Protein chains: 2
Amino acid sequence: MNANITMRDIAEKLGISTVTVSKALNGKDGVGEELRVKVKETAAQLGYRLNTIAKSMKEGCSYNIGVVIAERYTGAGHSFYMQFYQQLVQALEEYQYSGLLHVLHADDEASLVLPRIYNERKADGFILLGQLDKAYVHAFLGTGIPVTLLDFYTDQPVDSVVGDNFFGSYEMTNYLIAEGHRDIAFVGNIYSTSSIQDRYLGYCKSLLEHKLPLRPEYVLSDRDELGRFTEITLPVPLPTALVCNCDQVAYNLVVHLQKKGIQVPEQCSVTGFDNDLYSTLCEPKLTTMEVNMREMAETAVTMMIRKIKHNDETAGRVLVKAKPVYRNSVKPQNI
Amino acid sequence: MNANITMRDIAEKLGISTVTVSKALNGKDGVGEELRVKVKETAAQLGYRLNTIAKSMKEGCSYNIGVVIAERYTGAGHSFYMQFYQQLVQALEEYQYSGLLHVLHADDEASLVLPRIYNERKADGFILLGQLDKAYVHAFLGTGIPVTLLDFYTDQPVDSVVGDNFFGSYEMTNYLIAEGHRDIAFVGNIYSTSSIQDRYLGYCKSLLEHKLPLRPEYVLSDRDELGRFTEITLPVPLPTALVCNCDQVAYNLVVHLQKKGIQVPEQCSVTGFDNDLYSTLCEPKLTTMEVNMREMAETAVTMMIRKIKHNDETAGRVLVKAKPVYRNSVKPQNI
DNA sequence: CTGAAAGCGCTTACAG
DNA sequence: CTGAAAGCGCTTACAG
């Protein structure tokens, strides 16, 4: 088919200048309507494809957004962030942008090595997807390139988009209390990520509001500092409900409890968070909080594009509402 | 930090030409060793970043590879291809290339609309990941751009990389027969994808070789033409073993059988294929065939880069070995 | 409404 | 070993 048709080819064929071709194809003023139609027809007929690279060079932007995901959040069993990535790509497509995935190795993160796509100016901005080391975020900020954090935030002055973890968890705990539960533990390493921390604090708020005690032995760590799952030590006696920081851990816990002969939800209610794959893999299926991944992706992309186009705007921390999904892992507790 | 340092800035600072800077930075001949070092130092000190776009324009290639995945293979519960994508990106990184994901909508596939990144010349070649409509593959071939199929193939003359589905399934069935099984059914829609078809034929070969009958009622469809899972109708009496075309279906089947009170593997052995997430979600965990996703990704990338650099080479159909993973979903059958 | 000129930042021959 | 010239394919003022 068409080897390398350029605007010049169209121009020559029509006996006009490339300037007019460019204007016609880009819908810009300064071309007669009749001529514009003719240009478009010729372009289609010749199989013309825009050379975005030439356009990019002239305009000084790549129409690409880098997306950085730590390697530890990828791989089998961790589909969450790759699915997020897919949503990002689809949101970027709306703006005619492309996503450039960078899988960040732990040693590069530790030694503050920025992605190759940064050093090669292949991206106009970066979305950092999933909690990264603060120093690494700082290194990015130092470059002056637009950065948006997605699904986490730090105390640094950066735009970020996160699910409403705090209120989501608060509502979930409220729900358990409304169902009659009083002995409610939280499952998650509260020093691990901002999301887990906020979910923990929402749980705390609910307990405080209902004058229930905050018991340290009711905070059950589920992973180490590096995010690797660890064995969960259950308190004795078992609480009547466990608020888990995510579906995957809730799923693991349900399986674990059932192996020990403890019935869920009859003897112990369990709630998740995320409404991902894991929430429907066990029986009973999990009552959980759905974070609207798509809306988060769209918000992050919109913010990023806006920053690039009008480079002064700062959106700050943006929360995306969570929505409860009621299934069968919670049973009313008779008081 | 550095706003927009170009080679010209380095050249001016050193009182030399940009040509020399370019040669020095790219490790090309024609620069004194001493000067080369000085150029590199200055570049680092100024925070110079190569403008790949300018380089691309000059050289006429983007250093991007498009990866097309049909939307039906994405989303929750379908992490397989997104994981594949991640492997591709990491393999591309070795060659200083980037991946550009395109999620193909069903209507674009049907009406043969090529991806925007094709029309904008943003990619030097395309990897088609996961079975697509033959007409769509044909549309791509018509453009003359390098194309490699990954995890499927057609009867068209295209390069492709696939797992060794035929022999993998053949070996798995051999194993069941060696364990004493004689009544073995195959689960999968054999008209749906080349992979399923080949896995079916491997199963057939094993039966033929052992002089076991090929029974039509032992071919159990698991999905419709569009790849959506359907209810599986089990034959009565139940075979002693079920060879499933993938782990996800094997997983679904195990859960389904257990709900009906049928014990796996005591009353019925089940095998999977892929060794993905689903193979370890049920109890018993699945005996399955692992396709080496990483090797497949690396092979596809290497083939693609080679095609772009020396544009005549054709690798044809490349098979990547599969490897059995023995777990607990198969029990010897006493004859 | 139309186009000649300049330039985005590189790299590739080619000349010295 | 070093550099002046040309060009990749666009787009943006600016002039007519």
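**Exercise 1. Work out how much area domain 2 and domain 3 of chain A bury between them, and how much of it is on carbon and sulfur atoms.**

Step 1: Domain 2 of chain A and domain 3 of chain A bury about 940 Å² between them. Buried area here is the accessible area (1.4 Å probe) that two parts lose on being put together, summed over both. Carbon and sulfur atoms carry 47% of that area.

Step 2: Before going on, note that this is a predicted model, where local features need pLDDT of at least 70 and side-chain atom pairs count only at pLDDT 80 or more, while totals for chains, interfaces and linings use all residues. Residues are numbered from 1 along each chain as its sequence is written, chains are lettered from A and ligands numbered from 1 in the order in which they are written, and side-chain values use heavy atoms, leaving out hydrogens and water.

Step 3: Now place the domains. Domain 2 covers 64–162 + 293–321 and domain 3 covers 165–291 of chain A; such bounds come from an automatic or database domain assignment. Their C-alpha centres lie 28 Å apart.

**Exercise 2. Find what holds the domain 2 side and the domain 3 side in contact in chain A.**

Step 1: Count residues in contact (heavy atoms within 4.5 Å): eleven from domain 2 touch 13 from domain 3.

Step 2: Look for salt bridges, meaning a side-chain nitrogen of Lys or Arg within 4 Å of a carboxyl oxygen of Asp or Glu. Between these two domains there are zero.

Step 3: Sort the domain 2 side by class: five nonpolar, three polar and three charged residues. For sorting, Ala, Val, Leu, Ile, Met, Phe, Trp, Tyr, Cys and Pro are nonpolar, Asp, Glu, Lys and Arg are charged, and the others, Gly among them, are polar.

**Exercise 3. Now describe the contact between chain A and chain B.**

Step 1: Each chain's share comes first: 52 residues from chain A and 52 residues from chain B.

Step 2: The area buried between the chains is about 4,600 Å², with 51% from carbon and sulfur atoms.

Step 3: Which salt bridges turn up? The count between chain A and chain B is two. One of them could be looked up by residue: R116(B) forms a salt bridge with E93(A), with the closest N and O atoms 3.0 Å apart.

Step 4: On the chain A side, α5(A) gives the largest share, eight residues. Helices like this are DSSP runs (H or I, at least four residues), numbered from the N terminus. By class, that side has 23 nonpolar, 22 polar and seven charged residues.

Technical notes: Helix = DSSP H or I, 4+ residues; strand = E, 2+ residues; numbered from the N terminus.
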